[in-house]
Amino acid sequence: MRIRISRSTLRGLLATLCLLAFLGCCYALGNRLSPRDAMGHPLLLSPSVYRAERYRRAAVGWVSRMGTVDRLLTDVLAEEGGTDPAHLYALGRRAEEAVGESTAVLQDVVFTPPPAALVGLAEQVQAVAQAYLEAAQATARWVGAPEPEARYAALERLRTARGLRMELERSAWLDAR
């Protein structure tokens with residue numbers, strides 16, 4: 001017994017299988033990349049949800065970059081001032097790096113317009129970024145004039161910025177999904 005399948009039927013069957021495989025891949029990719037609600041169900045990706053999710057992801061990135069600035073400032077402030085010019089120059093370069101990174105983060109935060117639903121989060125992120133810039137500037141002042149009062153002021157600014165960042169990290173909007 002022989003089963004004969006015409007070429008046109010075989011082409012149609014192959015085209016149908018390819019189409020089904022393509023649709024299955026599209027479904028799997030869409031299911032994997034779609035944002036989820038609290039119950040784990042995919043959200044309908046309307047333009048407003050897309051803007052909110054894009055801003056939320058940007059805020060998570062900014063918080064991560066603020067953590068980098070925090071580590072830089074902690075490293076600089078952990079050093080004792082000393083009087084060795086080479087050591088002070090190295091501290092100055094690291095403080096300058098921290099000021100540059102905190103300025104870049106603040107500019108990103110300020111010049112990224114938030115969606116209407118995330119205006120409160122945007123204000124909170126901007127306050128934290130501003131606090132880190134002030135801490136970095138205070139640290140740079142201490143490196144320029146290594147006196148105990150300036151170091152204490154820089155440590156206080158860093159502690160304030162760190163507290164604001166920790167509060168921001170606990171925000172429901174920045175929950176890891």
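**Figure 1. The protein chain has a radius of gyration of 26 Å, whereas a compact globule of 177 residues would come near 16 Å.** The radius is taken over C-alpha atoms, and the globule rule is 2.2 Å times the number of residues to the power 0.38. Along the principal axes, the C-alpha atoms of the protein chain fill a box of roughly 95 × 40 × 25 Å. This is a predicted model in which local features need pLDDT of at least 70 and side-chain atom pairs count only at pLDDT 80 or more, while totals for chains, interfaces and linings use all residues. Residues are numbered from 1 along each chain as its sequence is written, and side-chain values use heavy atoms, with hydrogens and water left out. The protein chain has an accessible surface of about 11800 Å². Carbon and sulfur atoms hold 60% of that surface. Areas come from the Shrake-Rupley method with a 1.4 Å probe; for residues, only the protein chains shown count as cover.

**Figure 2. Five helices and zero strands make up the secondary structure of the protein chain.** Helices (H or I, at least four residues) and strands (E, at least two) are DSSP runs, numbered from the N terminus. Along the sequence the pattern reads α-α-α-α-α. Confidence is lowest in helix α1 (residues 7-33), with a mean of 91. It is highest in helix α4 (residues 119-144), at 95. Contact means heavy atoms within 4.5 Å. Among contacts in the protein chain with a separation of 6 or more, 74% join residues 24 or more positions apart.

**Figure 3. The largest nonpolar core holds 36 residues.** Such a core is a set of buried Ala, Val, Leu, Ile, Met, Phe, Trp, Tyr and Cys residues joined through side-chain atoms within 4.5 Å. Buried means under 20% relative accessible area, exposed over 50%, and partly exposed in between (1.4 Å probe, protein chains only). Trp62, Met66, Leu73, Leu121, Val125, Tyr132 and Leu168 have the most contacts inside this core. At least two core residues come from each of α2 (47-78), α3 (85-110), α4 and α5 (148-169). Helix α4 gives the largest share, 13 residues. Leu168 touches Val63, Leu121, Gln124, Val125, Val128 and Leu174, leaving out residues up to four places away in sequence. Across the protein chain, buried residues make up 27% of the 177 residues.

**Figure 4. Helix α3 spans 36 Å from its first C-alpha to its last.** It has 26 residues, and the span is close to the 38 Å expected at 1.5 Å a residue. The expected span is 1.5 Å times one less than the number of residues. Buried residues of α3 are Leu91, Ala95, Ala98, Ser102, Val105, Leu106 and Val109. Their cover includes α2 and α4. An α-helix has 3.6 residues a turn, so residues three or four places apart point the same way.

**Figure 5. Asp70 and Arg162 are in contact.** Asp70 sits in helix α2. Its relative accessible area is 6%, so Asp70 is buried. Beyond its neighbours within four places in sequence, Asp70 contacts Tyr132, Leu158, Arg162 and Arg165. Arg162 belongs to helix α5. With a relative accessible area of 28%, Arg162 is partly exposed. Not counting residues up to four places away in sequence, Arg162 touches Asp70, Thr74 and Tyr132. Arg162 and Ile5 are 157 residues apart along the chain, and their C-alpha atoms are separated by 72 Å.

**Figure 6. Gly67 is a buried residue of helix α2.** The relative accessible area of Gly67 is 5%. Gly67 and Thr16 are 51 residues apart in sequence. From C-alpha to C-alpha, Gly67 and Thr16 are 51 Å apart in space.

**Figure 7. Thr9 and Gly30 both lie in helix α1.** Thr9 has a relative accessible area of 47% and is therefore partly exposed. Between Thr9 and Val60 there are 53 Å in space, C-alpha to C-alpha, and 51 residues in sequence. Gly30 is also partly exposed, because its relative accessible area is 31%. Gly30 and Pro42 are twelve residues apart along the chain, with 9.4 Å between their C-alpha atoms.

Conventions
pLDDT = per-residue confidence, 0-100.
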